Amino acid sequence: MQTLQLFTIAPAVPEKLRFLEALARNLWWSWNADATELFRRINRELWKETKLNPVLFLSRVSQEQLTALAADESFMAHLGRVRQAFEKETLQPADTRSPVYAPGDCIAYFCAEFGVHESLPLFAGGLGVLAGDHLKAASNMGLPLVAVGLLYRKGYFRQYLNNDGWQQEVYPENEIHNLPLERVLKPDGNPLTVHIPAPGHALHAVVWKVQVGRIPIFLLDSNIPENPPDWRDVTCQLYGGDHRTRLLQEILLGIGGLRALYEMGLEPQVCHMNEGHSAFISLERLAHLMGNHGLDKKTAMEIIVRTNVFTTHTPVAAGHDEFHVDMLRPFFEALHESLHTTVDDLLSLGRAAHAADSAPVSMTVLALRLSQYCNGVSRLHGTVARHMWMHLWPGRPEDEIPITSITNGVHTPSWLSPENTLLFNRYLGPQWHTKPGDATMLERIDQIPDEELWRAHELSRSCLIRECREWVARQMHRRNAGKAELEAAKSVLDPTILTIGFARRFATYKRAGLFLHDAARFEALLTGETPIQVIFAGKAHPRDNEGKEIIRQIVHFSRRAQVRHRIIFIEDYDIDVARFLVQGVDVWLNTPRRPLEASGTSGMKAAVNGALNVSILDGWWDEAYSPGRSAPAEPGAPERGWSIGRREEYQDAGYQDAVESQVLYNLLESEVIPCFYTRPNDHLPAPWVKMMKAAIKMAFVSFSSHRMVREYEERFYIPALQRSRALRADNAAEAHALVKQHARLARLWPQIRAGRPAAQAELGRLRVGDAFTVTVPVRLGELHPDDVVVELYYGQLNMKGAITANHRQPMTASRKTDDGQHIFECRLECLTTGRYGFTVRIMPRGDAWTQSLPGFLTWAE
């Protein structure tokens, strides 16, 4: 067959409508309701048929319709209104941009997946959607941020079920020309290409750009002729292929992604690794600072560690990528010359200090060891992460492991229902979407009339049910269902009854099958006088047969004649399905094994739409249900949702399922269902609506992506940016000084000894209001008192004699003894009753990174 030359014919868009093409290629439209409506009004059926993809949509609009639109005064007025908002929110500086930033400042955000909108399928689940919401908020706030990822030609798998309910996977190829992508070019007009040394053959990639409001995402693509056939598939599938392919993806993301930024003239002062997949960026930063700025390795490392941000999302050990030494060594051998270090030194960066030479290299360990700013994604997850990784900081108390937390948030305008958007526009003001985390909006939410809020929610639920019926009909048609089954799909679910949603990844620890533990009781809930209905959706990992079996069990249960109209499983869960679910359900159910849920942002999206969470106290709900945890919440606290249990953790999974399934059934029967159906005089469920408003206010302020990104900015980005400026000033003078300081500490620290601290009081006779002096003799060797920080470390004791909540008080050097010891002392006040213990510790004086370095912490005898 002859080789074909390809070409595309698109409609000739009239000049007056050319803005539509620019709008289609900036995903800003996806969170602006007026912009979305602009596309929809052109041709509603075609908009839905093209799955809300404006690039594909515009290519299919007829020439006649485009011509007619250009002459339509109403449409042109609408287009002008959207264009004005677009230019203000994408081309002009944001009103909320921090004055700290200067021209040329750059924060680089690396992630393996980005879920901005379903029309750009480069995501698998929560991590990517969270990254998408992060970029949207950063755009609204005007951060000088760029994002880096990979362009997957097939993305993540599409799910369908066979006749037995067993998950099947297909990987359709993304049609690049139908995505809002622009190839990045060099000044000479040729495609920008990055090259990474690798064993046998360099890895090459071109770079694409997609615009998310003010924020660009740069995507690397290895599917080019310069690569051998197997390496072209490196960016074929998200999380696909074998372990070696995964390694190549992470090398390309971290090293190649940063090289691409450098090639474009961007030099990020701060790099944010969203999960460990991009941890190799530190190696490329090292090579760049040494090769392009003339710094030695140790000086460069002092800068890198203080300007890296790392967010971990995974409380499950198996979820952290590790690579065997034999697989990794050839790649490091190809890279180590530019780093002026040995391969063994590079390998050691991804291991604990005393790990065996054969131990695998952990990407999370690599990121943690080279980042000053580290966090989990909820308060509870921060605690879990500190426990999980405390072995990297031997001798340090668990609550002082340098991993903090910034709780995730969601981009409210992206997830709010059209009905609630109209309400917000009316009662919060038309510009509410520019400040969705603004606490001043709380009073205005209370001012929304109960009747209007409830009717808006009922419309959203009806819309959800209508979509579910269409989805179920398509699923049945694909499985060649009979006419009777297809007809029954038109009446599945009831738009007037209590609707519960459960949609997430079908990992076993998320316990999607908890409802099935007592099938008879579940069936009674579905068929009673005040019934519930349940919508399930979610994907199991292709290699997770246990997760697939849970899906199969749910599908088989849903086929029972008595309940088939009250329970469904929606295939191929994605952002589009998620949007309808969180906007339309009454209750959002979450049943993970505590504490294995890092955050759980789907519940936030449901809450901002007025859905009430019924959840295990894990992830975000652990703090949302009982803010600050000052007082343990009682089960069923009727403010803004319900808890399943009281933060119990079990060793026996079977026993846990038996207990918590009964708690769930009881909670639904005794509290949730009566609250929903109790409607005096056939009117509103007033207590339910009150809880809806409380849930909306909570999510709107405390769990928005704007609050989240503002925390990253104030706690991480700006301090790291300021440290970068200081460390690079005067030919990196401060960084050079830090190298000398650490070399001196490493040489002299073994000389430090702290004797037994002594209290100048009778410890058995103390009362509230008393105070006493504590002294401790310290041998500093060649170090001076100004080189160290000596602290009294004290707190209340538990039954095992361990300090539970520690307090620290600085001690000062009061004198020096004849034998060379320094006496440090402080005065301790007795403020509250209890059984206490104290000791003394010594750390180097310096910044947070210096004080967190393993090996520089000495405790008293």
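# Close-up views of a predicted model

**View 1. Helix α11 is mostly covered, with eight of its 10 residues buried.** The structure shown here and in the other views is a predicted model. The buried residues of α11 are T299, A300, M301, E302, I303, I304, V305 and R306. Several elements cover these buried residues, including the helices α10 (281-293), α14 (363-369), α28 and α29. The strands β10 (308-311) and β13 (373-376) are also among the elements that cover them.

**View 2. The second largest pocket has a volume of about 1,100 Å³.** Its lining is made up of 29 residues, and the closest to the pocket centre are M301, L349, R369, L370 and L853. M301 is also one of the buried residues of α11. Four helices each supply at least two residues of the lining: α11 (297-306), α13 (343-348), α28 (705-748) and α29 (848-852). The largest share, five residues, comes from α11. By residue type, the lining divides into 17 nonpolar, three polar and nine charged residues.

**View 3. Six strands form an open sheet with parallel pairing.** Read across the sheet, the order of the strands is β17-β16-β15-β18-β19-β20. The edge strands are β17 (567-570) and β20 (641-644), and each of them pairs on one side only. Neighbouring strands of this sheet are turned by 20° against each other on average, with direction ignored. Helix α23 (residues 575-584) packs on the sheet, where it touches β15 (498-503), β16 (532-537), β17 and β18 (587-590). The direction of α23 makes about 160° with that of β16.

**View 4. Strand β18 pairs with β15 and with β19.** Two bridges join β15 to β18, and these strands run parallel. In this pairing, the bridge partner of I500 is V587 in β18. The pairing of β18 with β19 is also parallel and has four bridges. Here V587 stands opposite L612 in β19. From β18, V587 and L589 point one way, while W588 and N590 point the other way. All of these β18 residues are buried.

**View 5. Strand β19 (residues 612-616) is joined to β20 by four bridges.** The two strands run parallel. N613 in this pairing stands opposite G641 in β20. Strand β20 is one of the edge strands of the sheet.

**View 6. The peptide bond from R594 to P595 is cis.** The omega angle of this bond is near 5°. P595 lies in the loop between β18 and α24 (601-608).

**View 7. E275 has a positive phi, near 80°, although E275 is not a glycine.** E275 is found in the loop between β9 (270-274) and α10. Is this residue buried or exposed? E275 is buried, with a relative accessible area of 6%, and residues count as buried when this value is under 20%.

**View 8. H340 has a positive phi, near 50°, and is a residue other than glycine.** The place of H340 is in the loop between α12 (325-339) and α13. H340 counts as exposed because its relative accessibility is 62%, and the cut-off for exposed is over 50%. Helix α13, at one end of this loop, supplies at least two residues to the lining of the second largest pocket.

**View 9. Strand β24 (residues 788-797) is largely enclosed by the rest of the structure, because eight of its 10 residues are buried.** Strand β24 pairs with strand β28 (residues 836-844) in the antiparallel sense, over nine bridges. In this pairing, the bridge partner of Y794 is F838 in β28. Six bridges join β24 to strand β25 (residues 803-810), and this pair also runs antiparallel. G795 stands opposite N806 in β25.

**View 10. Strands β24 and β25 form a hairpin with five residues between the strands.** In this hairpin, G801 takes a positive phi near 80°.

Key: Residues are numbered from 1 along each chain as its sequence is written. This is a predicted model: local features need pLDDT of at least 70, side-chain atom pairs count only at pLDDT 80 or more; totals for chains, interfaces and linings use all residues. Side-chain values use heavy atoms; hydrogens and water are left out. Two strands pair if DSSP finds at least two bridges between them. Axes are lines fitted to C-alpha atoms, for helices over the stretch in contact, and angles run from 0 to 180 degrees between N-to-C directions. Contact means heavy atoms within 4.5 Å. On a 1 Å grid over the protein atoms alone, a cavity is a set of points where a 1.4 Å probe fits but cannot get out, and a pocket is an open set with protein on both sides within 12 Å along at least five of seven lines; lining residues have an atom within 4 Å of a point. Grid points are joined across faces, edges and corners, and a volume is the space filled by probe spheres set on the points. Ala, Val, Leu, Ile, Met, Phe, Trp, Tyr, Cys and Pro count as nonpolar, Asp, Glu, Lys and Arg as charged, and the others, Gly among them, as polar. Buried means under 20% relative accessible area, exposed over 50%, partly exposed in between (1.4 Å probe, protein chains only).
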